[in-house]
Amino acid sequence: MNLLAIYRSGFKCSKCNKSFTSKDVFLDLTVTSGMKEYSELKPARTELFRSPLVSFLYERGWRQNFNRSGFPGRDEEFQMAQDYFQSVAGGILVDVSCGSGLFSRKFASSGAYSSVIALDFSENMLRQCYDYIKQEETPMNTNLALVRADISRLPFASCSIDAIHAGAAIHCWPSPSNAIAEISRVLKPGGVFVATTFLSTPTNSGPFSIDALRPLRQIVGPVNSSYNFFTEGELEDLCTSCGLINYSSKVQRSFIMFSGQKP
Ligand SMILES: C[S@@+](CC[C@H](N)C(=O)[O-])C[C@H]1O[C@@H](n2cnc3c(N)ncnc32)[C@H](O)[C@@H]1O
């Protein structure tokens with residue numbers, strides 16, 4: 001799998017016989033790929049990132065803003081993730097919800113993985129990722145593939161992936177539980193999942209806090225914004241309930257990097 005192999009290539013699912021062809025810089029493996037009449041909208045927190053403007057601005061200031069909440073920044077987050085992935089070096093890594101590929105590009109150029117797949121639902125984020133790759137003069141035959149897919153339906157065989165990274169993404173996913181169940185399904189035994197997100201903060205304490213209103217979420221939807229922020233307990237519960245073990249985390253203000261492993 002590399003960038004050249006994907007352009008104008010075709011894939012056929014051996015189980016359902018659906019064909020997927022690529023006329024773009026990425027391979028579209030969503031269920032709706034190739035549909036002509038039918039279209040569907042995802043929640044706003046997914047649709048927002050499909051915009052060309054947001055995709056363009058993402059690495060030009062948007063992402064850097066996360067540092068104000070405690071995110072250490074691209075280089076340090078990359079190094080922290082690499083530390084978690086030590087036991088799966090040499091394997092296949094999927095950077096899910098990769099955005100413009102700020103980490104996918106670093107994983108690929110690190111040479112630490114046999115293949116890196118940059119996966120996102122946003123066509124424009126994937127095109128932006130491709131533009132950065134060209135600017136950085138990353139060789140086109142580098143072991144990096146761009147794939148469009150929904151996190152709740154990962155286009156990989158069960159037990160086929162060694163490492164999954166999800167930077168600043170779980171709060172954007174339509175169903176974090178479906179997503180982590182999928183991640184758990186596709187990881188090989190011993191495979192490692194690493195993710196970052198914003199914690200719902202203690203400043204939200206009190207009778208009208210996010211935590212106090214949490215039980216209402218099922219009735220009224222997310223309470224603080226269009227994003228879903230979680231407590232650390234919820235993140236650990238999600239991982240363990242989806243079958244991941246060895247949960248661990250690092251926290252800095254609202255930033256959390258957490259990890260789980262497929263038994
Ligand atoms: C805040 S960006 C994170 C980008 C990058 N990983 C980072 O660390 O900065 C969230 C990403 O999640 C993606 N996303 C949202 N909903 C998704 C879904 N249902 N399936 C896959 N990706 C999704 C968006 O397109 C967007 O690129």
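Which elements are included in what covers the buried residues of α7? The legends below take up this question and several other close-up views of the predicted model.

**Figure 1. The whole chain in outline.** The predicted model shows a chain whose secondary structure comes to 10 helices and 10 strands. Of its 263 residues, 51% count as buried. Among contacts in the chain with a separation of 6 or more, 69% are made by residues 24 or more positions apart. The accessible surface of the chain is about 12200 Å², and carbon and sulfur atoms account for 54% of that surface.

**Figure 2. Helix α7 and its cover.** Helix α7 spans residues 176-186, and its buried residues are Pro176, Ala179, Ile180, Glu182, Ile183, Ser184 and Val186. The cover over these buried residues includes the strands β7 (161-166) and β8 (187-198), together with the helix α10 (232-241).

**Figure 3. The shell around the ligand.** There are 20 residues around the ligand, and those that come nearest are Thr46, Tyr58, Arg63, Ser97 and Asp120. By kind, the residues of this shell divide into 12 nonpolar, five polar and three charged. A polar backbone atom of Ile151 lies 2.9 Å from a nitrogen atom of the ligand. On its own the ligand has 600 Å² of accessible area, and the protein covers 100% of it.

Figure 4. Thr46 belongs to helix α2, which consists of residues 44-47. Is Thr46 buried or exposed? Its relative accessibility is 13%, and because buried means under 20%, Thr46 counts as buried. Leaving aside residues up to four places away in sequence, Thr46 touches Phe121, Cys172 and Pro174. In the side chain of Thr46, an N or O atom is 2.8 Å from a nitrogen atom of the ligand.

Figure 5. Arg63 sits in the loop between the helices α3 (52-62) and α4 (74-84). Although Arg63 is in a loop, it counts as buried, because its relative accessibility is 5%. Which residues does Arg63 touch, not counting those up to four places away in sequence? They are Tyr58, Phe71, Glu77, Leu102, Phe103 and Ala168. With one of these residues, Glu77, the side chain of Arg63 makes a polar contact, side chain to side chain, at 2.9 Å. Ala168 is 105 residues from Arg63 in sequence, while the C-alpha atoms of the two are 9.2 Å apart in space. On the ligand side, an N or O atom in the side chain of Arg63 is 2.7 Å from an oxygen atom of the ligand.

Figure 6. Glu77, the polar partner of Arg63, is one of the buried residues of α4.

**Figure 7. Leu144 in strand β6.** Leu144 is part of strand β6, which covers residues 144-148. With a relative accessibility of 1%, Leu144 counts as buried. Leu144 and Phe107 are 37 residues apart along the chain, and 9.0 Å separates their C-alpha atoms.

**Figure 8. Two residues with a positive phi.** Most residues other than glycine have a negative phi. Asn17 is not a glycine, yet its phi is positive, at about 70 degrees. The place of Asn17 is the loop between β1 (10-12) and β2 (19-21). Cys159 also has a positive phi without being a glycine, with a value near 55 degrees. Cys159 is found in the loop between β6 and β7, and its relative accessible area of 40% makes it partly exposed.

**Figure 9. Confidence along the chain.** The pLDDT of the chain averages 89, and 88% of the residues score at least 70. Where does pLDDT stay under 50? One such stretch is residues 204-213, for which the model has 12 contacts beyond four places in sequence. Residues 215-224 also have a pLDDT below 50, and this stretch has 13 contacts in the model beyond near neighbours in sequence.

How values were computed:
Residues are numbered from 1 along each chain as its sequence is written. This is a predicted model: local features need pLDDT of at least 70, side-chain atom pairs count only at pLDDT 80 or more; totals for chains, interfaces and linings use all residues. Side-chain values use heavy atoms; hydrogens and water are left out. Helices (H or I, at least four residues) and strands (E, at least two) are DSSP runs, numbered from the N terminus. Buried means under 20% relative accessible area, exposed over 50%, partly exposed in between (1.4 Å probe, protein chains only). Contact means heavy atoms within 4.5 Å. Accessible areas come from the Shrake-Rupley method with a 1.4 Å probe; for residues, only the protein chains shown count as cover. A residue is near a molecule or strand if one of its heavy atoms lies within 4 Å of it. A polar contact is a pair of N or O atoms within 3.5 Å; within protein, one must be able to donate a hydrogen and the other to accept it, and residues adjacent in sequence count only if both atoms are side-chain atoms. Ala, Val, Leu, Ile, Met, Phe, Trp, Tyr, Cys and Pro count as nonpolar, Asp, Glu, Lys and Arg as charged, and the others, Gly among them, as polar. pLDDT is the predictor's confidence in each residue, from 0 to 100.
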